[in-house]
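Notebook open, model loaded. I want to go through the ligand site, then a couple of helices and a hairpin.

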Amino acid sequence: MPLHVEHVPGDPILPERSSVVVIGGGIIGVCTAYFLAAKGVQVTLCEKGKIAAEQSSRNWGWCRKMGRDPREMPLAIEALRLWHDMDRTIGAATGFRRSGIVYLCKTGDDLEKRRSWLDLVGRAHGLDSKLITRDQAARILPGLAGPWAGALFTPSDGRAEPGLAAPAIAEAARRLGATIATQCAVRGIETQAGGIVGVVTERGRIACDAVVLAGGAWSSLFCGNLGLKLPQLKVLSAVMRTAPLAGGPETSVSGTGFGLRKRLDGGYTVANWSNNICDIVPDTLRFGPDFRPLLKLHSDSIRVRVGKQFLTEWRTPRTWALDEETPFERTRILDPQPHAPILHKAQDAVAAAFPVFHDMVVAESWGGAIDVTPDAVPVISGVDAIPGFFVATGFSGHGFGIAPGAGRLMAELVMGETPVVDPGPFRYSRFTDGSRPQPSPLA
Ligand SMILES: Cc1cc2nc3c(=O)[nH]c(=O)nc-3n(C[C@H](O)[C@H](O)[C@H](O)COP(=O)(O)OP(=O)(O)OC[C@H]3O[C@@H](n4cnc5c(N)ncnc54)[C@H](O)[C@@H]3O)c2cc1C
């Protein structure tokens, strides 16, 4: 994997017992482990590959409240509050900067859509988001070119460095006593009288009282082997980074066909705001009715594709015994190829909006599989059918920014403490009790 991620060495010895085992070393798993360890809980995090090698290092690095689904807003506000103090709290650099985010709007209709969100969601939550004119946008975004109808701007939103953040938080969790096990796939759980008593990993068993599944795009497969339905699909996104580039904006910005973020290395992470691919796979058929409203709502930005991924996933075992090699051990790092035409379009769009990007040197490009739920809201919840089993997944393209809040909330739910926000919108049972939750047209 070429993408740079700060290396987190795994602890060589697995404990025989840990109060809580967290499955998955992405930003959600490491934040959960951190907040548990900060409470003095004995926690072991098991990661099948490397810390933050999947979505958590491949994302844009935006940390935003702006444009959020109303159901996520209280958690997003808490997450940004935690990000602001994160480097001081953990004593290490995550690259967080409170540099603001701007959504540029090409047409009056785009601007009206942003106005609706501001009126119905942003103001209701007391955010500092505001509509600005093109000239005001140009003062925040030096070098802006082209006609724009206006923009939505949130000064208190920010950015962090995906290659640094989850590794730094994992190391902080370890300093508080957590065990970090890498190259350590969890094959399944063990229960007694219906409740959790342990996990079985490829490196042996760990006795425990609670398990948090933070498995990103693998969570549905893991749940399936336990007989639990977790509707989840993968949406493929393509991203590139430029070599250091002078004269571009400090503030993260999206416009028609592009999104960008300034990096600590002086380059930019650039991607296509409105072009993603959803491969038809057996899960598309399995969860089709659950996802129809979401795919319809985003039909202009998600292209459905038929290809060899169907066969690859068709051949992936969906059930296994705990003494067998599992799909988690066969794919240590999910590393999809970026779709080059999507990146070329983003390159053209960003150069039209910011002419300084005309001569940008693309230093690297990569793909990422975003795990989405039918309502594009995550699951952060216990599972009633298996006391002691918790799930934190399905962050639907928003999980990097919301992770500190999600980790705090998950730790509180595991410990049975008063949660920082109402966990109701994140309950797992909404997918099994006939609620048929819908995506928000405002987000
Ligand atoms: C291209 C792209 C751009 C994005 N941009 C943004 C953005 O700007 N802002 C934002 O907020 N969000 C963004 N996101 C979304 C964000 O990256 C994700 O929501 C977030 O990283 C999810 O974190 P996670 O820990 O749930 O999953 P992951 O980071 O995918 O981690 C899951 C981990 O679990 C491990 N695992 C799975 N199964 C097992 C098992 N059985 N045993 C052991 N380990 C296991 C995997 O190996 C993996 O490391 C973007 C995502 C992508 C792909």
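Predicted model: local features only at pLDDT ≥ 70, side-chain atom pairs only at ≥ 80, totals over all residues.

**Ligand shell.** Which elements each supply at least two residues of the shell around the ligand? I get H1, H2 (55-58), S13 (233-242), S19 (362-372) and H13 (399-415). I looked up which of the 36 residues around the ligand come nearest, and they are Glu47, Ser56, Trp62, Gly399 and Gly401. By class, I have the shell down as 17 nonpolar, 15 polar and four charged residues.

Next I checked the stretch from Gly399 to Gly401. A backbone N or O atom of Gly399 sits 2.9 Å from a ligand oxygen. For Phe400, I find a polar backbone atom 3.1 Å from an oxygen of the ligand. Gly401 also has a polar backbone atom by a ligand oxygen, at 2.7 Å. How much of the ligand's area does the protein bury? The ligand exposes 1,000 Å² when taken alone, and 98% of that is buried by the protein.

**H1.** Back to H1, one of the shell's suppliers. H1 covers residues 27-38, twelve in total, and spans 16 Å between its first and last C-alpha, close to the expected 16 Å. Is H1 enclosed or open? I noted eleven of its twelve residues as buried, so H1 is largely enclosed by the rest of the structure. The buried set includes Ile27, Gly29, Cys31, Tyr34 and Phe35. Just after the helix, I see Gly40 with a positive phi of about 85 degrees.

**H6.** I then looked at H6, residues 162-175. H6 has 14 residues and reaches 21 Å from first to last C-alpha, where 20 Å is expected. Eleven of those 14 are buried, so H6 too is largely enclosed by the rest of the structure. Among the buried ones I wrote down Pro162, Gly163, Pro167, Ile169 and Arg174. Several alanines are on that list as well, including Ala165, Ala168 and Ala172.

Last entry. How do S20 (379-382) and S21 (389-393) run, parallel or antiparallel? They run antiparallel, and I have four bridges joining them. Val379 has Thr393 of S21 as its bridge partner. Six residues lie between the strands, and in this hairpin Gly388 takes a positive phi near 95 degrees.

Conventions. Residues numbered from 1 in each chain as written. Heavy atoms only, no water. Expected span 1.5 Å × (residues − 1). Buried < 20%, exposed > 50% of the residue type's maximum accessible area, 1.4 Å probe, protein only. Near = heavy atom within 4 Å. Polar contact = N/O pair within 3.5 Å; in protein donor to acceptor, adjacent residues only side chain to side chain. Areas by Shrake-Rupley, 256 points an atom, 1.4 Å probe, with all protein chains shown as cover. Nonpolar A, V, L, I, M, F, W, Y, C, P; charged D, E, K, R; others polar. Pairing = 2+ DSSP bridges.
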